[in-house]
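Subject: Structure for you to look at

Hello,

Here is the structure I promised to pass on. Please open it next to this email and follow along.

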Amino acid sequence: MVRFASRKARQHAALSEEFERELTREVLRTELLRVRALIMTGCVMTVFLTAIYLIDPAIVNRVWRGTEGLVEVYSLLAGFILFETWVHSQIRKNLRLDRDLPVVRRYIGALIETSLPTVILILQIRSMGATQALGFAVPLMYFIFIILSTLRLDFWLSTFTGFVAAAELLAVALIYDPASGVGEPQAYFHAVRSTIILICGVLAGSVGAQLRRQFAASIAAATARDRVTNLFGQHVSPQVVERLMAEGTSAAGDLRRVAVMFVDFRGFTAGAQSRTPQEVVDRLDGAFAVLVDILDRQGGIVNKFLGDGFLALFGAPLEASDAAHRAVAAGREMLAAMDHINAQTSWPLRIGIGIHFGEVVAGNIGSPRRKEYTVIGDTVNFASRLEALNKDFGSQLLISASVREALGDDGEDAVALGEVEVRGYEQKVAVFQLG
């Protein structure tokens, strides 16, 4: 019991580590989007200022008192774009190395970015005057950084961005606006505006946190889906995967009553000798695609491929009270599908199917490094022997007595072949033919 608990704990730790790693990667990807948006914003602002200067230089003279102030803004924007380009390269590097950015670096970056409007505002106050500059467009730039901080998917980082913007704007207003002394109406105006900016930062953080939770839920679902796929193989239908995720899976061995189906292509080896390897693979893949699709529709799964055949299960890993009915229905449909395919190809294939119904131990079996979901028991062995009897009888679909009994009236067309000797069994067993 202790060993089992420790094994479960290690599996949970591995899944948690995988989840955290993928969540970190997703956060870094959104960070890349944010940085690209900031770089694009800086470039657009540079182009916009250049267009204004070329179209109407008088506006530049009124706002910046000549080109000297405009050059200072250009220098700030150029430095900002270079800084964000460096940040972009660091995030890409961390993505390649599969590691997160340091928390301190994130906060320092937020402080540097959000201080850009503050520096531009101070420059504009020097050229325009405090009252005009504080009422002009530059204070609105803070909202660009607050909105884009949502892509950080971190409540506290967005709140910090809003706090820096609010504090710096209020400080600039109180320092540079003579009419903003403590107790003056203008000071209350600036305080209210800064409070609104801070609230916007908190709201942006709330939205980012919600997005992070949604990302986490999606990644958790994907991680669970990958675990199901790794556990039960790649040949489980999407419907089965959804049910396994909803109902949970067990790594320990369970005693189940299942219908075991073995399918094998007759004379495939002889036909493959006169064809190229690629032709052989294409023919086999095409046939498997049709047969596996039938299994999906009937609620079965391919447990493993066996060269030119496969082992299929009905009733495991998900229980099914009508497992035998589903298996036989799938077998009948497979025979009809192969007849249809053979009528359209120069290489017809004949399949043999054996179905047995009984108890097996189903679970995750293998070495500590690699495990595989499979079924073990005499039911599996007998189903394999049953399929091999198709060679002796020239048949394509054989079922055991237990399957015939489970079918009831649905198996009225079953033809009894009598008591048959089966390799590996001392006593003769009843065999029935369908199809």
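Is Ile341 buried or exposed? Ile341 is buried, because its relative accessible area is 17% and the cut-off for buried is under 20%. Keep in mind that this is a predicted model. Ile341 sits in helix α12, which covers residues 323–342. Now look for Ala287. Ile341 and Ala287 are 54 residues apart along the chain. Their C-alpha atoms are separated by 8.1 Å.

You will find Glu168 in helix α7. Glu168 counts as buried because its relative accessibility is 17%. In sequence, Glu168 and Pro117 are 51 residues apart. In space, the distance is 9.4 Å, C-alpha to C-alpha.

Next, the backbone. Most residues other than glycine have a negative phi. Two residues here are worth checking against that.

- Asp98 is not a glycine, yet it has a positive phi of about 60°. Asp98 lies in the loop between α3 and α4. Asp98 counts as partly exposed because its relative accessibility is 35%.
- Leu153 also has a positive phi, near 55°, and is a residue other than glycine. Look for Leu153 in the loop between α6 (141–148) and α7 (155–176). Leu153 is buried, because its relative accessible area is 2%.

Now the pocket. I looked at the second largest one. How much space lies in the second largest pocket? The figure is about 420 Å³. Its lining is made of 18 residues. Phe48, Leu49, Trp64, Phe136 and Ala137 lie nearest the centre of the pocket. Four helices each supply at least two residues of the lining: α1 (2–55), α2 (57–64), α3 (67–97) and α4 (103–128). The largest share comes from α1, with 5 residues.

On to the aromatic rings. A pair of aromatic rings is described by the distance of the centres and the angle of the planes. The structure holds 9 aromatic pairs. Some ring pairs join up. Phe265, Phe288, Phe305 and Phe310 are linked into a cluster this way. Colour these four Phe residues and view them together.

A charge also meets a ring. Which residue has its charged end over the ring of Trp347? Arg275 does. The charged end of Arg275 is 4.1 Å from the centre of that ring.

Last, the cysteines. How many disulfides are there? The count comes to 0. Cys43 counts as partly exposed because its relative accessibility is 32%. Cys200 counts as partly exposed too, because its relative accessibility is 24%.

Then go to Glu168 in helix α7. After that, visit the loop between α3 and α4, where Asp98 sits. Finish with Arg275 over the ring of Trp347.

Best wishes

Key: Residues are numbered from 1 along each chain as its sequence is written. This is a predicted model: local features need pLDDT of at least 70, side-chain atom pairs count only at pLDDT 80 or more; totals for chains, interfaces and linings use all residues. Side-chain values use heavy atoms; hydrogens and water are left out. Rings of Phe, Tyr and Trp (its six-membered ring) pair if their centres lie within 6.5 Å; planes under 30 degrees apart count as stacked, over 60 as edge-to-face and the rest as tilted. A charge sits over a ring if NZ of Lys or CZ of Arg is within 6 Å of the ring centre and within 35 degrees of the ring normal. On a 1 Å grid over the protein atoms alone, a cavity is a set of points where a 1.4 Å probe fits but cannot get out, and a pocket is an open set with protein on both sides within 12 Å along at least five of seven lines; lining residues have an atom within 4 Å of a point. Grid points are joined across faces, edges and corners, and a volume is the space filled by probe spheres set on the points. A disulfide is a pair of cysteine sulfur atoms within 2.5 Å. Buried means under 20% relative accessible area, exposed over 50%, partly exposed in between (1.4 Å probe, protein chains only).
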